[in-house]
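Let's take a walk through a protein model together, one stop at a time. Keep the picture open and find each residue as we go.

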Amino acid sequence: MFFLRYTFAATLVAAFFDAAHAAEPADRQFAAIAALSPSGISATVGQMVEVDIDLAAGGGLVVEPNGERIDLLYRMAFNQIAEGWSWRPLADPALDDYYQYKFLPLQSVLVERGEYAAEDKIGTPQQMKVSWRYDYFLAFDNLYDFYPRTSDDDAGFSASLLADVAGRLGMRATARLIEPVISESTTFWKAIYGKPTDFTLKKRYFLSRLESVDFVDTVSGEVLCRIRPGQGGCAGR
């Protein structure tokens, strides 16, 4: 049956997402902010950003059939940012989370930066590749403005929609930037004989207060339903 439970893959979303209806890519938005002077970056505090959520990253969007409708769930239970600025070691786990900031994945960009000759295993010259990946995230600290804090693994953003939009669903978030606006971390793995690639991972974050989460038709750009603070879910046609 077509309406078996499934999770969206990147290729599915990309195939249907008309660029005319997409938000500005996260990498371009990040680069524009990062190019500003320190005072210019500070001046963006309070500004709104609109970003498309990468449904292929993490658990993705789960879709369940329900008669002529579909029930959607985007789980958030494990979308916690494990960076130092998000860590609260003194938090009481009965009342609060150790990681203050949650995230929505936005984009991943892989850049190949050539190769070089090296000899990690004595007597065995190799060509070592150089790869960089940039992962972009919307970081926000107000998830529980949308629904009560719970230990339920299925906690997240939900929607009920007509089944005919199942093949062209996307999600979009709007958020208001907060200090320090953007943040970046870098992890590096050195090439070795068994894995001949120098790999650099940069995680880039927009720091914000989440304003809304939309379920959108990726062909028409129509907002099918919108979740605002105080709503864990929404329903639309």
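Start at Ile178, which sits in strand S8; strands here are DSSP runs of E with at least two residues, while helices are runs of H or I with at least four, and both are numbered from the N terminus. Before you click further, note that this is a predicted model, where local features need pLDDT of at least 70, side-chain atom pairs count only at pLDDT 80 or more, and totals for chains, interfaces and linings use all residues. Residues are numbered from 1 along each chain as its sequence is written, and side-chain values use heavy atoms, with hydrogens and water left out.

Is Ile178 buried or exposed? Ile178 has a relative accessible area of 18%, so we call it buried; the label means under 20% relative accessible area, while exposed means over 50% and partly exposed is in between, using a 1.4 Å probe and protein chains only. Look around Ile178 and, leaving out residues up to four places away in sequence, you'll find that it touches Val45, Tyr101, Asp141, Leu207, Ser208 and Arg209. Touching, or contact, means heavy atoms within 4.5 Å. Take Tyr101: this residue is 77 residues from Ile178 along the chain, and their C-alpha atoms are separated by 12 Å.

Now slide along to Pro180, also in strand S8. A cis peptide bond joins Glu179 and Pro180, with omega at about -5°. Val181, in strand S8 too, has a positive phi of about 80° although it is not a glycine. Why point these out? Most residues other than glycine have a negative phi, and most peptide bonds are trans. Val181 is buried, because its relative accessible area is 0%.

Strand S8 also holds Ser183. With 16% relative accessibility, Ser183 counts as buried. Which side chain does the side chain of Ser183 make a polar contact with? The partner is Trp85, at 3.2 Å. A polar contact is a pair of N or O atoms within 3.5 Å; within protein, one must be able to donate a hydrogen and the other to accept it, and residues adjacent in sequence count only if both atoms are side-chain atoms. Not counting residues up to four places away in sequence, Ser183 touches Phe30, Trp85, Lys203, Arg204, Tyr205 and Leu207.

Next, hop over to Asp198 in strand S9, which covers residues 197–217. Asp198 is buried, since its relative accessibility is 9%. A polar atom of the Asp198 side chain lies 2.7 Å from the backbone nitrogen of Ala191. Beyond its neighbours within four places in sequence, Asp198 has contacts that include Tyr116, Lys129, Phe188 and Trp189.

Time for some charge. Side chains of opposite charge can pair when their charged atoms come close. How many salt bridges does the structure hold? There are 15, where a salt bridge is a side-chain nitrogen of Lys or Arg within 4 Å of a carboxyl oxygen of Asp or Glu. Glu24 forms one with Arg28, and their closest N and O atoms are 3.8 Å apart. Glu24 is partly exposed at 43% relative accessible area, and Arg28 counts as exposed at 52%.

Another salt bridge brings together the side chains of Arg172 and Asp52, at 2.7 Å from N to O. Arg172 lies in strand S8 (residues 169–189) and Asp52 in strand S2 (residues 48–52), so this pair ties together parts that are 120 residues apart in sequence. Both Arg172 and Asp52 are buried.

Then there's Asp145 with Arg209, whose closest N and O atoms are 3.2 Å apart in their salt bridge. Asp145 lies in the loop between S6 and strand S7 (156–162) and Arg209 in strand S9, so the pair links parts that are 64 residues apart in sequence. Asp145 is partly exposed, with a relative accessible area of 36%, and Arg209 is partly exposed as well, at 33%. Elsewhere, salt bridges that share partners join Asp97, Lys102 and Arg149 into one network.
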